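Let's walk through a model together, one feature at a time. Bring your questions as they come up.

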Amino acid sequence: MDIRAYIESGVIESYVLGMATAQEAAELEMLRMQHPELGEAIARFEQQLENAALLNAVNPPPAVREALFAKLESEFVTARPMTPVRTMTGLRFAAAAAILLLVISSALNVYFYSRFRDANEKFAALFTERNSLEANLNITHTRMLDMYGNMQLMGDPAMIKVSMTGTPGREQNLATVFWDSKTRDIYLLANKLPQAPSGKQYQLWALVDGKPVDAGMIGDCNGLCRLKNIPRAQAFAITLEREGGSPTPTMDQMYVLGKVG
Amino acid sequence: MLPWFNNHLSLITERLEAVKKYTENELVLLLKRQDRAAFTYLYDNYSGALHSIILNIVPDHDLASDVLQEVFIKIWKQIDTYDDGKGRLFTWILNIARNAAIDRVRSKSYQNNLQNRELTENVYDSAGATRTPTDHIGLRQWVHKLKDEYKMLVELSYFQGYTQDEIAKMLNMPLGTVKTRLRTALIQLRQIIKN
């Protein structure tokens, strides 16, 4: 079928204006499904007709409108005009709720901030305490290790123990020399010695063939103080000397004395 | 403050509703949901065009108004039968208006009334202006521009609603000729409408 010729035959106009016979209309509706251009041509004429009709409209008297709407009034579904009012009620409620929530939220902010500050201060204090405890624990731990080392030294069978007792008038004083018979290193344990006054320091002497030999200064040591290496000695003594030590002992400042063996 | 605002918002929404332009799909959908605003829009936009076609067929203004009201009630009640696959909404309502107008003219009461009038008018007014549809409004003004042989066919077919068979018999013309001439007339009519 020549669809172009069909489109231009006037059948479209006849169909759109409602003048086509039932048979013509059925034929057109069938062809329309197969030929999109036929549908487009129909739509074009419909649009032209509508435009022309709107341009040539003759307004009816207003009474017709009034009568018509009065007649249909009960049939309209009037849900739509209600919508904006309902929306506003919701909006107003939402605004009130938002303000209320803001006030509550602000109050809670103040409350929680003060709670936060308290907690933060407590935390800082606890943190400091923990740190100092940890430091103390480390010190104690180190000391314990040193003590353990000292005990090992003192328990060594090669160690010669020389107890130095208080000189006359200083009988309460006591110190012990541990002398390694293999390495000849000297370790000192200050059992009972008064605290050295400032500017003064205890000095250990080895008496070798009647002569005092400097065996080292006694500092602030933890348990055993490792002093000098002394190859030979018959006795040991401790005097209080000026800080840094003296070349010869000050005899009247002798605190303890002990013989080897 | 808030109630005042609410009222104004409702007023503004109503006014927006009034000037709102629907697409044809929206309009049909809302009409099928019995939406008042959509029906108002339909009436305000198309009542003039439908009134004009009704006046082409029913020249009496009061009767034409009556037919127009009837047409809109029909549209309202039958919108569910409208099938947008078959054509535009306007094509559908234009045909409702044309058919309603032709039915009115063919009705017994109308015919009786007309005869009565003719009797009186022949006495008092030989021109008979009130029953002759005017040639200068609506579709008729374009039909009026056609050649006489076409004009007659369109008059009988479109405005008076006779079938092609009936016209052939009435004018004592072969059916094929009626068909061909009518189609030619419509093609020319289309050209006139286009301009």
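**Reading a two-chain model**

A: Let's begin inside chain B: leaving aside neighbours within four places in sequence, L50(B) is in contact with L68(B), V71(B), I93(B), L94(B) and A97(B). Contact here asks for C-beta atoms, placed from the backbone, within 7 Å. Before going on, note that this is a predicted model: local features need pLDDT of at least 70, side-chain atom pairs count only at pLDDT 80 or more, and totals for chains, interfaces and linings use all residues. Residues are numbered from 1 along each chain as its sequence is written, while chains are lettered from A and ligands numbered from 1 in the order in which they are written.

Q: Which residues have the most contacts inside the largest nonpolar core?

A: The general idea is that in soluble globular proteins, nonpolar side chains tend to be buried together. A nonpolar core is a set of buried Ala, Val, Leu, Ile, Met, Phe, Trp, Tyr and Cys residues joined through C-beta atoms within 7 Å. Buried takes 20 or more other C-beta atoms within 10 Å of a residue's own, again placed from the backbone; exposed is 12 or fewer, and partly exposed lies in between. In this model the largest nonpolar core has 58 residues, and those with the most contacts inside it are L50(B), I54(B), I93(B), A97(B) and A101(B). The element α3(B) gives the most to this core, with 12 residues. A second, separate core of 24 residues includes W205(A), A206(A), A215(A) and I230(A).

Q: How do I read a helix, and what covers the buried residues of α8(B)?

A: Helices (H or I, at least four residues) and strands (E, at least two) are DSSP runs, numbered from the N terminus. An α-helix has 3.6 residues a turn, so residues three or four places apart point the same way. The expected span is 1.5 Å times one less than the number of residues. For α8 (residues 148-159) of chain B, the 12 residues should therefore span 16 Å, and the end C-alpha atoms, 15 Å apart, agree with that. Its buried residues are L153(B), V154(B), S157(B), Y158(B) and F159(B). The cover over them includes α3 (36-57), α7 (138-143), α9 (164-171) and α10 (175-194) of chain B. Just after α8(B), G161(B) takes a positive phi of about 75°.

Q: Over in chain A, in what order do the strands form the open sheet?

A: Strands of a sheet pair through backbone hydrogen bonds, either parallel or antiparallel. Two strands pair here if DSSP finds at least two bridges between them. Chain A has 6 helices and 8 strands, and from the N terminus on they run α-α-α-α-α-α-β-β-β-β-β-β-β-β. The 8 strands form an open sheet in the order β5-β4-β7-β8-β1-β2-β3-β6, with antiparallel pairing. The edge strands are β5 and β6 (224-229) of chain A, each pairing on one side only.

Q: How many bridges join β4 to β7 in chain A?

A: There are 8 between β4 (residues 200-208) and β7 (residues 235-242) of chain A, with I238(A) the bridge partner of L204(A). Another 6 bridges join β4(A) to β5 (residues 211-217) of chain A, where Q203(A) partners M217(A). In that hairpin, with 2 residues between the strands, D209(A) takes a positive phi near 50°.

Q: Which residues of β2(A) lie on its covered face?

A: In a regular strand the side chains alternate between the two faces of the sheet. In β2 (residues 174-180) of chain A, the covered face holds A175(A), V177(A) and W179(A), and the uncovered one L174(A), T176(A), F178(A) and D180(A). On one pairing, 7 antiparallel bridges join β1 (residues 159-166) of chain A to β2(A), and M164(A) stands opposite A175(A). On another, β2(A) and β3(A) pair over 5 antiparallel bridges, with L188(A) the bridge partner of V177(A). Their hairpin has 4 residues between the strands, and R184(A) there takes a positive phi near 70°.

Q: How many residues does each chain give to the contact between them?

A: Chain A gives 41 residues and chain B gives 46. On the side of chain A, the largest share, 9 residues, comes from α4(A).

Note on methods: Two residues are in contact if their C-beta atoms, placed from the backbone, lie within 7 Å.
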